[in-house]
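User: I would like to go through the labels used for this model and ask what each one rests on.

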Amino acid sequence: MIGRFLGNRDEPGRLPRRAKGRLLAFLTFASGITLLTDVIPSDTPGLHRTLAVQLVVIALALSVVFWVLPWRRLPHGASLVFVPVAFGLVALGNYADPNPYTYGLPYVTVFLWIGTSHPRWTSVASLPISLPAFILPLLTMPSAAGTWVGSTVFTLGLCVAFGEALAWLIQRLASAQRQLAAKRSQARFQALTSNAAEIVAILDESGTVTYCSEAVHAVLGLSPHALVGSRLWDRVHPDDVCAAERLVQHCVGEQASNQHGEFRVQHRDGSWRHIEAICRDLRAEPEIRGLVLNARDVSERKVLEGELAHRAYHDALTELPNRDMLLDRLGHALARSARTGQRTAVLFVDLDTFKIINDTLGHQAGDDLLVSVAQRLRASVRAGDTAARMAADEFILLLEDLSDIDEARRVAERFQMQLRTPVELGDQSVVVSASIGIACSDGAEGVLADDLLRQAEVAVHAAKDHGKGQIAWFDGSMTRTSLDRLALEADLQRALENQEFRVWYQPIVDLPSGRLTGVEALVRWQHPTRGLVPPDKFIGAAEETGLIVPIGRWVLREACRQAKAWQSVWPLVVSVNLSARQFQHPGLLEDVASALRDSGLAPDLLKLEVTESVAMDAGVGTIQTFQALRGLGARLAIDDFGTGYSSLAYLKRFPVDTLKIDRSFVNGVAEDEQDAAIVRSVVALARTLGMRVTAEGIETAEQLEALRGMACDDGQGYLFARPAASEAITSLLQAAATAANASTPLAA
Ligand code: C2E
Ligand code: MG
Ligand code: MG
């Protein structure tokens with residue numbers, strides 16, 4: 001009990017400490033004034049005038065002191081010091097003025113003050129002090145001496161009864177007030193949670209649900225009452241129960257931080273919903289007393305992630321694993337064969353007449369042929385082997401755990417046999433042949449996946465040199481490619497010195513209005529003998545040798561300079577590609593800053609494009625680099641979105657302005673429902689993340705219409721314009737600026 005009135009917190013509903021102090025000051029003042037009323041008419045019999053005046057002065061002075069004391073900083077019990085002081089004053093007052101009427105009055109006042117401002121039983125606790133203080137002066141009072149026992153019992157009993165009754169009343173009032181506040185806060189909590197789209201649930205430490213908001217009906221088809229009393233994990237997917245348990249365990253005792261978790265929960269219709277949850281320990285909160293779980297349905301995001309992940313590792317046309325997945329599997333196969341001593345073979349398959357079929361019968365026939373070849377490839381390998389598509393008409397067969405190296409040749413021959421059956425392409429029936437290069441690991445350690453692939457590629461070139469439909473094994477004499485690579489490196493170095501690189505620009509168009517709003521800078525190599533070399537022929541080598549850094553720096557400076565020059569003709573944003581090596585280069589910030597400074601281009605007119613996989617691979621550093629680039633004022637875009645494997649949850653942490661949807665999705669957006677669904681989801685995702693979406697590689701009016709229908713913001717592609725040298729773009733901009741209908745250049 002002592003703790004309660006010595007404690008430092010004002011209890012809700014009880015008299016605050018400051019009010020106690022003020023009440024005390026007021027009562028002391030009132031007792032001083034009561035005594036003064038006796039002092040003023042000087043004819044009161046038996047009055048010790050001097051002592052009485054002194055007491056009046058002391059009481060009034062004390063009331064001033066009590067008024068100004070910093071009660072809020074003193075403990076609750078501080079005002080109780082007044083109890084002995086008060087009785088001392090009463091006793092003295094009695095000597096000064098033996099008036100029996102004023103004698104009992106101060107006692108009543110003191111007990112009333114205790115009753116209103118202190119917990120119950122405080123007046124009983126103060127009885128030992130008040131008892132002698134009451135009796136001793138009475139004994140000196142001749143008129144009352146005979147009845148002092150009765151008087152004591154009566155006055156003090158009455159005082160205690162009054163004091164305690166008041167304390168009880170105030171306590172009841174306080175608890176009623178607290179209950180009302182709790183009800184209000186509960187009503188507020190329910191109003192908030194019942195209208196929220198997120199599920200809000202309260203759990204105890206064992207995971208049992210003690211409260212659940214209405215949203216659970218929309219998300220899981222369940223009524224909140226059905227969940228209350230059951231354990232959270234009862235409906236969690238068996239594989240995710242550990243994750244859910246961990247979330248609650250981590251939450252218990254971590255009041256300061258929110259714990260995040262993801263798990264699947266069963267819908268009433270039996271389907272599984274992906275739930276993202278945040279858990280916070282609010283057991284100490286009197287209104288809550290539990291773990292609060294905020295949960296929302298992220299199933300759609302998960303489906304999109306799954307589809308993107310599938311796309312990232314599969315070829316969209318043939319559904320075969322793509323290069324990335326193949327490299328991953330090959331890496332694992334080589335590691336295993338180093339342990340077991342079994343061999344791994346890579347068969348590089350290149351169709352001999354694909355280009356001719358594609359050019360004469362059209363792209364659709366070409367695509368149909370590739371799908372049919374893919375099916376036959378799948379049919380010619382064993383269950384554990386992999387058939388993958390590398391590029392247009394290049395496929396790989398990966399054979400693992402070979403005890404007999406000749407098995408590779410047998411697979412190659414079997415596939416060539418299968419190819420002899422004609423493929424029906426429309427009303428044409430065609431037969432294709434394939435050249436196959438085979439490279440085989442000898443089971444030794446340290447063989448790299450890239451090396452084995454390159455060896456198979458070298459072998460397929462050798463096979464082609466011997467005519468169509470040939471099979472060739474790699475051997476050490478076939479190192480032409482590596483020599484080519486060395487020559488290419490030396491060539492690139494020289495090209496940089498001789499300023500053989502050119503920047504071409506491809507317009508980017510605002511889809512709703514058809515206005516040209518930007519250009520993408522694309523590097524070209526004006527080779528003295530090979531002519532204009534496209535970037536995919538040399539960016540890889542430049543990246544490997546590190547020459548991409550000076551080449552990219554030059555492209556950046558040139559693009560900024562040119563964009564600044566164009567501003568007077570037509571306002572546009574210039575996009576510049578950054579490769580992995582450039583993005584991780586420590587000098588990147590300085591390069592961007594100096595390109596902007598030297599060209600005078602406003603920073604927000606420069607957009608830097610980084611592919612999705614580069615952004616993901618750089619990990620935590622990505623966010624810092626992005627933020628630093630943003631700090632310079634430049635805009636940022638994720639290029640080729642959909643081709644790398646993104647964690648969409650991660651994406652929202654990137655301070656990026658634009659997502660550029662990869663050409664492979666745009667390709668099928670008009671006729672392939674799956675592509676259309678992906679593009680629609682990406683646009684929706686970008687909207688929620690506050691990003692713009694640019695569609696790459698728009699080639700047909702149907703694609704454009706479909707993209708406009710999906711509210712895609714910008715587009716780029718051959719339909720509007722192919723990449724072109726700066727002079728051609730200047731003419732385009734001038735034409736646009738002078739045309740009467742200047743606001744719709746390039747509108748399709
Ligand atoms: P990207 O950044 O995704 O650039 C778009 C590519 O798509 C360009 O190929 C462009 O010509 C091509 N394209 C645009 N519209 C269409 C269309 O409608 N249909 C088709 N089929 N293709 C279209 P490009 O110029 O060959 O560049 C290829 C890649 O090389 C670029 O892809 C980019 O990743 C890289 N690259 C180009 N210039 C640079 C550079 O200066 N630095 C770095 N690091 N990479 C560059
Ligand atoms: Mg790009
Ligand atoms: Mg791109």
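**Charges, rings and a metal site**

Analyst: In this predicted model, the charged end of Arg722 sits over the ring of Tyr718, 3.8 Å from the ring centre.

User: What makes the charged end of Arg722 count as sitting over the ring of Tyr718?

Analyst: The label requires CZ of Arg within 6 Å of the ring centre and within 35 degrees of the ring normal. The distance for Arg722 and Tyr718 is 3.8 Å. Arg22 is also described in this way: its charged end sits over the ring of Trp67, 4.1 Å from the centre.

User: Why is the pair of Phe66 and Phe82 called edge-to-face?

Analyst: Centres within 6.5 Å make a pair, and planes over 60 degrees apart make it edge-to-face. The ring centres of Phe66 and Phe82 lie 5.4 Å apart with the planes at 90°, so both conditions hold. Phe66 belongs to helix H3 (residues 49-68) and Phe82 to helix H4 (residues 82-96), 16 residues apart. Phe66 and Phe82 are both buried.

User: Why does the pair of Tyr107 and Phe134 count as edge-to-face?

Analyst: The planes of Tyr107 and Phe134 stand at 75° and the centres are 4.8 Å apart, so the pair is edge-to-face. Tyr107 is in helix H5 (residues 100-117) and Phe134 in helix H7 (residues 127-140), so the contact ties together parts 27 residues apart in sequence. Tyr107 and Phe134 are both buried.

User: How many aromatic pairs does the structure hold, and which residues do ring pairs link into a cluster?

Analyst: There are 12 aromatic pairs. Ring pairs join Phe66, Trp71, Phe82 and Trp113 into a cluster.

User: What does Asp639 bridge?

Analyst: Asp639 bridges the magnesium ion (ligand 3) and the magnesium ion (ligand 2), which are 4.0 Å apart.

User: Are Asp640 and Glu696 buried or partly exposed?

Analyst: Buried means under 20% relative accessible area. Glu696, at 10%, is therefore buried. Asp640, at 24%, is partly exposed, because that value falls between 20% and the 50% limit for exposed.

Notes:
Residues numbered from 1 in each chain as written. Chains lettered and ligands numbered in written order. Predicted model: local features only at pLDDT ≥ 70, side-chain atom pairs only at ≥ 80, totals over all residues. Heavy atoms only, no water. Donors = N, O, S within 2.8 Å, 3.2 Å for Na, K, Ca; no water. Buried < 20%, exposed > 50% of the residue type's maximum accessible area, 1.4 Å probe, protein only. Phe/Tyr/Trp six-rings, centres within 6.5 Å; stacked < 30°, edge-to-face > 60°. Helix = DSSP H or I, 4+ residues; strand = E, 2+ residues; numbered from the N terminus.
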